[in-house]
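Have the viewer open as you read.

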Amino acid sequence: MAFAGANHNGGMRTVGVVVNPIAGMGGRVGLKGTDGKVEEARERGAKPRAPERAESALSALREYGDEIELLVWDDPMGASEARQAGFDPVVVGGPSGTETDSDDTRGAVEALLDRGVDLLLFVGGDGTAVDVAAVLTERDDETPMLGVPAGVKIYSSVFGVSPRAAGQIAATFTETEEAEVNDIDEDEYRDGEVVTELRAVVTVPRAEQRQSAKQLGGGSIESLATAVADGVRDGVTYVLGPGSTVGAIKTALGFEGTALGVDVWRDGEVLARDASERDILDALGQENVIVVSPIGGQGFVFGRGNQQLSPAVIKQCDVEVVASRRKLDDIGTLRVDTGDLELDERLRGWRKVRVGAIERRLLEVV
């Protein structure tokens, strides 16, 4: 449908921004989510991830100059990031304390909607998306929402494919459509079970740079897994990512891997199970290979559900991408969102993806 918000306030587009400052903190320390795990994440050395991703998105938005009016919630939920990106934002309120929760997110959304924003731009993961969508649903409000991906698990189709993409979409979209907000039970997720639940259907910007909903499963992988396992080399450290495809490789190597975590293996020994970024870095040797499979429906190789595979890890490893033929047919292209723009650029281009015992397909990382 056509979007009339660009004409709001005399031609300016008003964008309301909400940052969940703790989103994604559990990723690199192997917690697979931050819901109810903030203190544990901090004890493991986790650092906030959302602020830098918010600034990246807002810097892209700022490139469109004086055509954007920014309304924000006060620190630590967006004001500083907006100023660092070059905006002079209108601060419409703030959280009740320094430790924020879903009530603060919902309160911010309420206040921004009361101000008549043209778009709600939020920074977080699926849990934050649920909070934003809940307010819109309760108010029967069709204001479009758009996510800057900063969480560990991103199963919803309301996010830009990267922070910069989200900022560009926020400034330029002219049409909207409906999209799903999904979430999973993080405790089940940590136990290796993925149970998704449709939480809302909302209005979002229509744009090619908005990611699809994540799909699960797809295709026969037994011969692929056996071939990869048979081809491992002595002395090489293998960093094995999450998912069913790489999980089959772990089984072929002779151990029960962490279905939704990262395991590290070398010379017949599991060096780290369900490893954090620190665990992986400690286990790396002189020669290292990351084995990952793109997410079905989205094509992400790095940056969704495997933040333990951080830029520091990736830079010390070769990368082997594996996938079923069916999955590649569905996704068409590969994507990366490591949080390191220079690394993302280095990873882009055409890459061989292993789909069988000997067969490989060329797919572009975009």
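Val 301, Phe 302, Leu 334, Val 336, Leu 347, Arg 351 and Val 365 line the second largest cavity. This is a predicted model, so please read the details below as features of a prediction. The volume of that cavity is about 30 Å³, and the count of cavities of 30 Å³ or more comes to two. Sorted by class, the lining has six nonpolar residues, no polar ones and one charged residue.

## The seven-stranded sheet

Next comes an open sheet of seven strands with mixed pairing, in the order β10-β9-β8-β11-β13-β15-β16. At its edges stand β10 (269-272) and β16 (360-365); each has a single partner strand, so one side of each is left without a neighbour in the sheet. From one strand to the next, the twist averages 35°. Within this sheet, β11 and β13 pair in the parallel sense, and Ile 290 stands opposite Val 319 in β13.

## The five-stranded sheet

A second open sheet has five strands in the order β3-β2-β1-β4-β5, and its pairing is parallel. The edge strands here are β3 (90-91) and β5 (145-149), each of which pairs on one side only. Where does Val 72 find its bridge partner in β3? The partner is Val 91.

| Strand pair | Sense | Bridges |
|---|---|---|
| β2 (residues 68-72) and β3 | parallel | two |
| β11 (residues 288-292) and β13 (residues 318-322) | parallel | four |

As background, strands of a sheet pair through backbone hydrogen bonds, either parallel or antiparallel.

Two helices lie across strands of the five-stranded sheet. Helix α2 (residues 50-62) lies across β1 (13-19), β2, β4 (119-124) and β5, and runs at about 170° to β1. Helix α6 (residues 163-172) also lies across β1, β2, β4 and β5, running at about 160° to β5.

The model has 17 salt bridges by count. One of them joins the side chains of Asp 337 and Arg 53, with an N to O distance of 2.3 Å. Which parts of the chain does this pair link? Asp 337 sits in the loop between β14 (335-336) and α13 (341-347), while Arg 53 belongs to helix α2; the two residues are 284 residues apart.

Note on methods:
Residues are numbered from 1 along each chain as its sequence is written. This is a predicted model: local features need pLDDT of at least 70, side-chain atom pairs count only at pLDDT 80 or more; totals for chains, interfaces and linings use all residues. Side-chain values use heavy atoms; hydrogens and water are left out. Two strands pair if DSSP finds at least two bridges between them. Contact means heavy atoms within 4.5 Å. Axes are lines fitted to C-alpha atoms, for helices over the stretch in contact, and angles run from 0 to 180 degrees between N-to-C directions. On a 1 Å grid over the protein atoms alone, a cavity is a set of points where a 1.4 Å probe fits but cannot get out, and a pocket is an open set with protein on both sides within 12 Å along at least five of seven lines; lining residues have an atom within 4 Å of a point. Grid points are joined across faces, edges and corners, and a volume is the space filled by probe spheres set on the points. Ala, Val, Leu, Ile, Met, Phe, Trp, Tyr, Cys and Pro count as nonpolar, Asp, Glu, Lys and Arg as charged, and the others, Gly among them, as polar. A salt bridge is a side-chain nitrogen of Lys or Arg within 4 Å of a carboxyl oxygen of Asp or Glu.
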